[in-house]
Amino acid sequence: MEKQSKAVLNCIDLSNPNTDQSVNLLKQSCTDSGFFYLVNHGISQEFMDKVFAQSKNFFTLPLNEKMKLLRNENHRGYTPLQDETLDPKNQSQGDSKEGYYIGVEHNAPNIWPASDVLPGWRETMEEFQLRALEVGKAVAKIIALALGLDANFFNKPETLGESVGVMRLLHYQDKISDPSQGLYAAGAHTDYGLITLLATDDVPGLQICKNKYAKPQIWEDVPPLKGAFIVNLGDMLERWSNYTFKSTLHRVIGNGQERYSIAYFLDPGLDCLVECLPTCKSDANPPKFPPIYFRDYLSQRYKDTYPDLLVDTK
């Protein structure tokens, strides 16, 4: 039997001139829940409303139009309802959501809807990507300081200078989830990369589990916060920091309402070598993971999620 409560998350103000305060709040968040709210991040509500409106424009297209843009081997394009099963051990069917992946063009070409079908759609999404990357870089500076590193540690050319960050538009069906029957809007999972910036509409559904090994698991609701990103750490940062910072299990529970969200997954360059940070190891706490190139790490994670897909991260 699951237990549920409401999460209490720190709120980090990106416009706060007191860097030490932001660093302390982030450090507390990253060792406790692995989640926090980010406000005053520099992306206007007006622009975010535009991105959500364009996302809705896509998902309301007829299915045959969306299927013309089906996800390819480079992980770009449309993912249909129940295409993903994020928690196969506990799910009786795939997630009741559909999505759309958009990456960086220098890594692999995107799949775009025709401009006569969705005018201005590509331009809106490309602008969001650029803005979200800048927000992510600003958060990465605070993370670096919280780990005792130089502020620009993650902003080197081979890391976020060549980021292969991916944005994903998500549309959840108006279904009611039932964990006892293995029915979820999005099954329990952790994210792959460095950090995730999540923008949501005003429909709740996101839940986090701070201790995935607890029995029973305690799931906490994360309420939407107007104008804020919900930020969480990914598995790669957990690995990079030698478990100093945590990547937290999360899922989405449907309440019968449609729900839209936009996730931006901040990742380093494919040729970035991820090895234990110098401030996160000692004789008493040696590295728990061998070094790995992000290209190899990402390829394996995609294969785990989409075993039927030939993945190319070259």
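Leaving aside its neighbours within four places in sequence, Thr159 is in contact with Phe153, Phe154, Trp240, Pro268, Gly269 and Cys272, where contact means heavy atoms within 4.5 Å. Thr159 sits in the loop between H4 and S6. Helices (H or I, at least four residues) and strands (E, at least two) are DSSP runs, numbered from the N terminus. Thr159 counts as buried, at 5% relative accessibility. Buried means under 20% relative accessible area, exposed over 50%, and partly exposed in between, with a 1.4 Å probe and protein chains only.

A word on the ground rules. This is a predicted model, so local features need pLDDT of at least 70 and side-chain atom pairs count only at pLDDT 80 or more, while totals for chains, interfaces and linings use all residues. Residues are numbered from 1 along each chain as its sequence is written, and side-chain values use heavy atoms, with hydrogens and water left out.

Now the sheet. In what order do the 8 strands of the open sheet run? The order is S2-S3-S11-S8-S13-S6-S5-S4, and the pairing is mixed. Two strands pair if DSSP finds at least two bridges between them. At the edges are S2 (11-13) and S4 (77-79), each with a single partner strand, so one side of each has no neighbour in the sheet. From one strand to the next, the twist averages 25 degrees.

Strand S8 (residues 195-200) and strand S13 (residues 259-266) run antiparallel, joined by 6 bridges. In that pair, Leu198 has Ala263 of S13 as its bridge partner. Two helices pack on the sheet. Helix H2 (residues 45-59) touches S4, S5, S6, S8 and S13, and its direction makes about 110 degrees with that of S13. Helix H4 (residues 121-146) touches S3, S5, S6, S8, S11 and S13, at about 55 degrees to the direction of S13. For those angles, axes are lines fitted to C-alpha atoms, for helices over the stretch in contact, and angles run from 0 to 180 degrees between N-to-C directions.

Let me stop at S6. Is S6 largely enclosed or open? 7 of the 7 residues of S6 are buried, so this strand is largely enclosed by the rest of the structure. In a regular strand the side chains alternate between the two faces of the sheet. Here Val166, Arg168, Leu170 and Tyr172 point one way, with Met167, Leu169 and His171 pointing the other. S6 is joined to S5 by 6 bridges, antiparallel, and to S13 by 7 bridges, also in the antiparallel sense. Met167 is a handy one to click on: it is the bridge partner of Ile102 and stands opposite Tyr264 in S13.

On to the cores. A nonpolar core is a set of buried Ala, Val, Leu, Ile, Met, Phe, Trp, Tyr and Cys residues joined through side-chain atoms within 4.5 Å. The largest one has 70 residues, and Leu26, Tyr100, Phe128, Ile143 and Phe154 have the most contacts inside it. H4 gives the most to this core, with 12 residues. Not counting residues up to four places away in sequence, Leu26 touches Ile12, Phe36, Val139, Ile142, Ile143, Ala146 and Phe245. There's also a second, separate core of 12 residues, including Val39 and Ile230.

Next, Tyr101, which is in strand S5 and buried at 6% relative accessible area. Tyr101 and Lys89 are 12 residues apart in sequence, and 25 Å apart in space, C-alpha to C-alpha.

Most residues other than glycine have a negative phi, and most peptide bonds are trans. Which peptide bond is cis? The one from Lys215 to Pro216, with omega near 0 degrees, and Pro216 is in the loop between S9 (206-209) and S10 (218-221). Asn40, in the loop between S3 and H2, has a positive phi near 50 degrees. His75 also has a positive phi, about 60 degrees; His75 is in the loop between helix H3 (63-67) and S4, and is buried with a relative accessible area of 1%.

That's my tour; over to you.
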